[in-house]
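Subject: Structure for you to look through

Hello,

Here is the structure I promised to pass on. Please open it beside this message and follow along.

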Amino acid sequence: MKKHTVVVCDHIHEAGLEMLRNDENINFIMAADEPKDKLVNEIIPQADVAITRSSTDVDDKFIAQAKNMKAIVRAGVGVDNVDIPGCSKEGIIVMNVPTANTIAAVELTMAHMLSCMRMFPYSHDHLKNKRIWKREKWYGPEMKGKKIGVIGFGNIGVRVAKRAAGLEMGRYVLYPLH
């Protein structure tokens, strides 16, 4: 049986890399740190499958070099960096993993909101660099009772709104993208 060549174009979780490394039916090429021109011109022509994230554009130059390509896997939610019509013309299947990093994105959003409201970057800097802690200077407002605007109410937006409710934030202003 012929081994399939799978090229990982961008950094993905180590668990995914291990699965690829340990599959005896896969010729695995890790190309995340290769210059993009080398990736497209020298490595992609060998590939049966490419796994990308947001750092690699699957554009007309990429597709033109993808002579053996059967599938593009976008390891993430969107496919905005993939020319789907161009891939379709060449018979390349495009897949994504719509919930791959949903919880991580939601938690990061909540962490940024809390950090901004409670002024963590400034208080940390003040303590670390000036060696002074005046907590009354860094109280910041509470999130409780604040209104939140959610732009896009998909996998991430819905979960952010649920967590905002857990913080007893007030009414939601929803801005669907459709």
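Start with Val-8: its bridge partner in strand E2 is Met-30. Strands E1 and E2 pair in the parallel sense, over five bridges. Two strands pair if DSSP finds at least two bridges between them. Helices (H or I, at least four residues) and strands (E, at least two) are DSSP runs, numbered from the N terminus.

Before you go further, note that this is a predicted model: local features need pLDDT of at least 70, side-chain atom pairs count only at pLDDT 80 or more, and totals for chains, interfaces and linings use all residues. Residues are numbered from 1 along each chain as its sequence is written, and side-chain values use heavy atoms, with hydrogens and water left out.

Back to E1. Four of its five residues are buried, so E1 is largely enclosed by the rest of the structure. Buried means under 20% relative accessible area, exposed over 50%, and partly exposed in between (1.4 Å probe, protein chains only).

Next, helix H2, residues 36–43. Which residues of H2 are buried? They are Leu-39, Val-40 and Ile-43. These three cover an arc of only 125° around the axis, which puts them on the same side of H2. The arc is that of the directions from the helix axis to the C-beta atoms. The face of H2 turned away from the buried side carries the exposed residues Asp-37 and Glu-42. What covers the buried residues? The cover includes strand E1 (4–8), strand E2 (26–30) and helix H3 (60–65). Contact means heavy atoms within 4.5 Å.

Now the largest pocket. Its volume is about 280 Å³. A pocket is an open set of points on a 1 Å grid over the protein atoms alone, where a 1.4 Å probe fits, with protein on both sides within 12 Å along at least five of seven lines; lining residues have an atom within 4 Å of a point. The volume is the space filled by probe spheres set on the points. Helix H1 (residues 14–22) gives the most to the lining, with three residues. By class, the lining has seven nonpolar, four polar and one charged residues. Ala, Val, Leu, Ile, Met, Phe, Trp, Tyr, Cys and Pro count as nonpolar, Asp, Glu, Lys and Arg as charged, and the others, Gly among them, as polar.

His-13, Arg-53 and Asn-101 are among the lining residues. Where is Asn-101 found? Asn-101 is in the loop between strand E5 (93–96) and H5. Asn-101 is partly exposed, with a relative accessible area of 28%. Leaving aside neighbours within four places in sequence, Asn-101 is in contact with Arg-53 and Val-77. His-13 is 88 residues from Asn-101 along the chain, and their C-alpha atoms are separated by 10 Å.

Last, two backbone angles. Most residues other than glycine have a negative phi. Met-119 has a positive phi, near 60°. Met-119 is found in the loop between helix H5 (102–117) and helix H6 (120–130), and is partly exposed at 23% relative accessibility. Arg-131 also has a positive phi, of about 60°. Arg-131 is in the loop between H6 and strand E6 (148–151), and is exposed at 69%.

Best wishes
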